Amino acid sequence: MKLKQLEGYLGDVAAFREPKVQLEQYPTTAHLASRILYTAESSFGDIDGKAVVDLGCGCGMLSVAAAMMGAKS
């Protein structure tokens, strides 16, 4: 998947309307998430076919991106 295509798909993922800083709910933008995951896969082969864990307390932007890039779980 191309970088801009991934960013476009992630742009449709709902983000927090009112993130709670005390819960450390910091939104990850589609722009940032696409670049993090694209770099992890294209430079290191760390996504496709691998088990990927998103341990954040956000809206799952990184999990969605990993699944779209072929993470097995």
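Student: At what angle do helix 1 and helix 3 pack, and how far apart are their axes?

Tutor: Two packed helices are described by the angle between their axes and by the distance between those axes. In this predicted model, helix 1 (residues 3–10) packs against helix 3 (residues 61–68) at an angle of about 135°, and the axes are 11 Å apart. Helix 1 is therefore oblique to helix 3, and the crossing between helix 1 and helix 3 is right-handed.

Student: Which residues of helix 1 and helix 3 meet?

Tutor: From helix 1 come Leu6, Tyr9 and Leu10, which meet Met61, Val64, Ala65 and Met68 of helix 3. Sorted by class, this contact holds 7 nonpolar residues, with no polar and no charged ones.

Student: Which residues make up the largest nonpolar core?

Tutor: That core has 12 residues in all, among them Leu6, Leu10, Leu37, Ile47, Met61, Ala65 and Met69. Helix 1, helix 2 (30–44) and helix 3 each supply at least two of its residues, and helix 2 gives the most, with 4 residues. Met69, once its neighbours within four places in sequence are left aside, is in contact with Leu6, Leu37, Tyr38, Glu41, Ile47 and Asp48.

Student: Where is Glu24 placed, and is Glu24 buried or exposed?

Tutor: Glu24 lies in the loop between helix 1 and helix 2, and because its relative accessibility is 54%, Glu24 counts as exposed. For the backbone, note that Glu24 has a positive phi of about 55° although it is not a glycine.

Key
Residues numbered from 1 in each chain as written. Predicted model: local features only at pLDDT ≥ 70, side-chain atom pairs only at ≥ 80, totals over all residues. Heavy atoms only, no water. Axes fitted to C-alpha atoms, helices over the stretch in contact; angles between N-to-C directions. Parallel < 35°, antiparallel > 145°, perpendicular 65-115°, else oblique. Left-handed = near helix turned anticlockwise from the far one by under 90°. Contact = heavy atoms within 4.5 Å. Nonpolar A, V, L, I, M, F, W, Y, C, P; charged D, E, K, R; others polar. Core = buried A, V, L, I, M, F, W, Y, C linked by side-chain atoms within 4.5 Å. Buried < 20%, exposed > 50% of the residue type's maximum accessible area, 1.4 Å probe, protein only.
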